[in-house]
Amino acid sequence: MAQLKDKKDEKFFVQQLNSQSYNVQGAALRAFATMQPAQAIVRAKVYENELHGALTQAVAEVYANNGNQAQWTYVRDKFDAARPDGKFGMMKPLAIMLGRLDDTAAFAEGVTRLKDLAIKYKTYGADKPVLDLLQTTAKSQAGRAHAAENQQLVEKAVTEIQAAK
């Protein structure tokens, strides 16, 4: 439904944010974010302290896909707290967010997390998608204040991933 971006579904998604099910709330938040990204960030703030996997994951994804530096700490901390399968699920949203960050320290934190994940699970093929995500992230940084510095961070991470056994 969310992919259709039909305005009449928006009301339904907002109603489902009050569901008793955390899975439904998470799905509704993701769907709402496809239609109203800025409003979804405001709504996600309400759920930041919830400790229920599906809802926490949805908040982190909404922030990662639509947020900025203000939401970085939350996304980073949830990525760190996630189990391996959760980290794999957050790789792409994390990389998307990195492409929008202007803070070099935050960018480096994200690159390091992706690099470490790729190296740790390289034997399972995790390096390939991470390498692609890092390259995409570097391209997204083009024209930003610290693009050259961030490109160097990505190049270093790529080299380390490729050199890892």
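The exposed residues Lys128, Asp132 and Lys139 lie on the face of α8 that is turned away from its buried side, where exposed denotes over 50% relative accessible area, buried under 20% and partly exposed the range in between (1.4 Å probe, protein chains only). The model is predicted, so that local features need pLDDT of at least 70 and side-chain atom pairs count only at pLDDT 80 or more, whereas totals for chains, interfaces and linings use all residues. Residues are numbered from 1 along each chain as its sequence is written, and side-chain values use heavy atoms, with hydrogens and water left out.

The buried residues of α8 are Asp127, Val130, Leu131, Leu133, Leu134, Thr137 and Ala138. Viewed down the helix axis, these residues fall within an arc of 165° and therefore line one face of α8, the arc being that of the directions from the axis to the C-beta atoms. They pack against α6, α7 and α9 (147–163), contact meaning heavy atoms within 4.5 Å; helices are DSSP runs (H or I, at least four residues) numbered from the N terminus.

Across the whole structure, a search finds four aromatic pairs, for which ring centres of Phe, Tyr and Trp (its six-membered ring) must lie within 6.5 Å, with planes under 30 degrees apart counted as stacked, over 60 as edge-to-face and the rest as tilted. The rings of Phe88 and Tyr121 have centres 5.4 Å apart and planes at 65°, so this pair is edge-to-face. Phe88 belongs to α6 (residues 84–98) and Tyr121 to the loop between α7 (104–120) and α8 (127–140), 33 residues apart. Phe88, at 31% relative accessibility, counts as partly exposed, whereas Tyr121, at 16%, counts as buried. Together with Tyr124, Phe88 and Tyr121 form one aromatic cluster.

Methods:
Helix = DSSP H or I, 4+ residues; strand = E, 2+ residues; numbered from the N terminus.
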